[in-house]
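Let's walk through this structure together, one piece at a time. Have the sequence and the model side by side as you read.

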Amino acid sequence: MIEIPDLVLGCLAAGTLAAFALGGALLRLRRRGARQAGEIASLTAALDTERRELDLGRAELADARTERARTAAAVAAEVVHLARQRVPAAATASAHPHVKVPGPLGAAIDGTPLGDALDEAQAAVLTAMAQERKRVDAAARAGMRGATRDIQAGLYRLQDVLRGLQRQYDDPELAEVLFALDHENEQSLRRAQVTAVVCGAWVGLAREESHLVEAVTGGQARLVGYHRVKVHHHLEAGTALVSHAVEPVAIIVAELLDNALRHSAPDTDVVVNLERVPHGVAVTVDDYGVGMAADERARAQRMVGGTEPILLSELGDPPRMGLAAIGQLTRRFDLSVDLSSPSPYGGVRAVLLIRNHLLSHIDPAEQPPAAATPRPTRAAVQIPEQRTAHARGAAPAEPAAGARTLTHETGAPVGAAAHAPAGHDAHDGREDAPGAPAPSAGHDADRAGDDLGPAADAGPRQDIDDRDLRDDRDLRDAPAPRDARAAVDAESVSSAPGDASEGDALPQRRRRNRSTDAGGAPSAPAAPARTPEEAAAALGALQAGTAAARSEADTEGSDPR
Amino acid sequence: MTARRTGRPLVPAYLSTGGVATPRRGSLERLSVLAATDQPVPQGLPAAQHALLDVLGDGSLTVVESAALLRLPVSAIRVLAAELTDRGLVTSRPPVPAAEPPDPDLLKRVADGLRALKH
């Protein structure tokens, strides 16, 4: 049996043991707790640090986000600026160079990839625009070209009708109306033609080789103020243009004159000078107007140079076609127009240079220039030379007339010298034809010719003239001329070409004259003025011409041949 | 002689008179005969008037012949001739009436006489 104290003792021991065990565990626990608390504290500190860092990062992130948003807004603004300001301005500037094209909004963008990209976009828009504009312009030109070509053809037909009417009806009032209509028609024709040329068309009319002065005068006639144009013709007679250059020169002169007339006071003249220069012929147009500013002048010079392509949309409204047409023509026909030098009169001086390869020569005796063209001034200066070496060249406007030597209806003697200004017609050996008394036979025959009818005048009279001339030569060869004045005239006229200084350059004919003068009677039969065949040919031609003229007058312009 | 030109004339007719077609004197007809006088030609004479003077040259021509030679309408020649007449450079004469046909009897007698000469 177990006693109670043992039991108690045992219990106590067990209790103590347990208490020890528990105490140890408690101690361990407490130690662990303290360790954990330390760990927790350190962890909390670390956590705090992390949290702080996190807050910092979050703030940075927010900053970065706002920054990015700002950049995006700036780019957007640049693009909007490009679309709203820069591109339109650049588009305008392509047509009007004085318009300023704004740069990017922020100066910092220049040189960055964004800046380059924006510039590239702008350039691409401009290129596309230019191409589109060219395409549209070409279409517009094609349309205009077709329309103006038809108009031009119609106006030429109208011109034919008007000129036919002018020949047919000579009632003064009607004729004046017809003249006015013809002038109006010429102006319309000029407009249509210039428009067509600007639109790239051909000049629309093939002409034959013509006198240069005719082309200039023809251009003058196309203008409203043609009265104010004064043409001075300083070229040798017969200076002509090759056929394909005639109409272009007429157009260019008309446009230059139109500019000159438009920009000068209505009471001033516009002066045109035709002068020979080493490379060809210069047609100078001077006006007394206000002139052009330097930039205007430069622009005009660029246009007439024809180096830049022409766009209808750049010609303004109403379009200023003149200079553009000149540019087209100078480029196509190798002409050159210079507007770059100011006129000494303060206005504008335009110089059209026609090079030698576009020039030719027409015998003015065979094909005289139109009656209204100014006479060359040079012929008057060079009478002695012209009479012989350039005899044909010296007779610009004398289709039928010989030297004005002989009688008129009055029968009064007329000295050749008194009437020998420019066009002393010297061909066929008549250069020494002096004034002569009207031989009675010639005079009577003259009358007879008149009696046959006025239309027969030209033929017989010419015949008589020739006879008179020969009579006259005989007269001179005879020792005692019947008329003292005739003798004087004979001396003065025949001695003028006989100058020794010019002897070498002279043709055969001159020597014959001199021998006639010197040799007297014996040489006269040996050197007849013309052979019978020549005389027959000349008279035949004369008759044919008279018949042609008469038939033209009768049939109103139809060509007999 | 003058070569005929077939092309369209470059210089219109109105330029020769400055657009005027009403002559200052109305007496000229198509067949009136014009003749130049021996007055010296003044300086500065309009080119067309000068050309008409040259055509008249040493004789006389009718208005219509001058017109054909100068390739101008008759109305323009009238104006030019009237101005030249005013300047005393040209005289004009009314048209010559058409000649009467020769008397056949006279012709026959002439022919007979000629035949008689021949035999």
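This is a predicted model: local features need pLDDT of at least 70, side-chain atom pairs count only at pLDDT 80 or more; totals for chains, interfaces and linings use all residues.

Let's begin with the overall plan of chain B. Five helices and three strands make up its elements, and from the N terminus on they follow the order α-β-α-β-α-α-β-α. Of the 119 residues in chain B, 47% are buried. Take the contacts in chain B between residues at least 6 apart in sequence: 74% of these join residues at least 24 apart.

Now turn to the strands. They form an open sheet of three strands in the order E2-E1-E3 (chain B), with antiparallel pairing. Strand E2 (60–62) and strand E3 (90–93) of chain B are the edge strands, each pairing on one side only. On average, and ignoring direction, neighbouring strands of this sheet are turned by 25 degrees against each other. To see the pairing up close, find strand E1 (residues 33–36) of chain B, which is joined to E3(B) by four bridges, the two running antiparallel. There you will find Ala35(B) opposite Thr91(B) in E3(B).

Which strands does H3(B) touch as it packs on the sheet? H3(B) touches E1 and E2 of chain B, and its direction makes about 90 degrees with that of E2(B). Another helix, H4(B), lies across E1 and E3 of chain B and runs at about 115 degrees to E3(B).

Eight of its eight residues are buried, so H3(B) is largely enclosed by the rest of the structure. The buried residues include Val63(B), Val64(B) and Glu65(B) at one end of the list, and Leu69(B) and Leu70(B) at the other.

H3(B) also has a helix partner. Two packed helices are described by the angle between their axes and the distance between the axes. Here helix H2 (residues 47–56) of chain B packs with helix H3 (residues 63–70) of chain B at an angle of about 110 degrees, their axes being 10 Å apart. Angles of 65 to 115 degrees count as roughly perpendicular, and H2(B) and H3(B) are therefore roughly perpendicular to each other. On the H2(B) side, Ala51(B), Leu52(B), Val55(B) and Leu56(B) make the contact, meeting Ser66(B), Leu69(B) and Leu70(B) in H3(B). The residues of this contact divide into six nonpolar, one polar and no charged.

Step just past the end of H3(B) and you reach Arg71(B), with a positive phi of about 55 degrees. Most residues other than glycine have a negative phi. Arg71(B) sits in the loop between H3 and helix H4 (74–86) of chain B. Is Arg71(B) buried or exposed? It counts as buried, because it has 21 C-beta neighbours inside 10 Å, and the cut-off for buried is 20 or more.

Finally, hop over to chain A for another positive phi. Asp334(A), also not a glycine, has a phi near 55 degrees. Asp334(A) is in the loop between helix H7 (321–333) and strand E6 (336–338) of chain A. With 13 C-beta neighbours inside 10 Å, Asp334(A) counts as partly exposed.

Methods. Residues are numbered from 1 along each chain as its sequence is written. Chains are lettered from A and ligands numbered from 1 in the order in which they are written. Axes are lines fitted to C-alpha atoms, for helices over the stretch in contact, and angles run from 0 to 180 degrees between N-to-C directions. Angles under 35 degrees count as roughly parallel, over 145 as roughly antiparallel, 65 to 115 as roughly perpendicular and the rest as oblique. Two residues are in contact if their C-beta atoms, placed from the backbone, lie within 7 Å. Ala, Val, Leu, Ile, Met, Phe, Trp, Tyr, Cys and Pro count as nonpolar, Asp, Glu, Lys and Arg as charged, and the others, Gly among them, as polar. A residue is buried if 20 or more other C-beta atoms lie within 10 Å of its own, exposed if 12 or fewer, and partly exposed in between; C-beta atoms are placed from the backbone. Two strands pair if DSSP finds at least two bridges between them.
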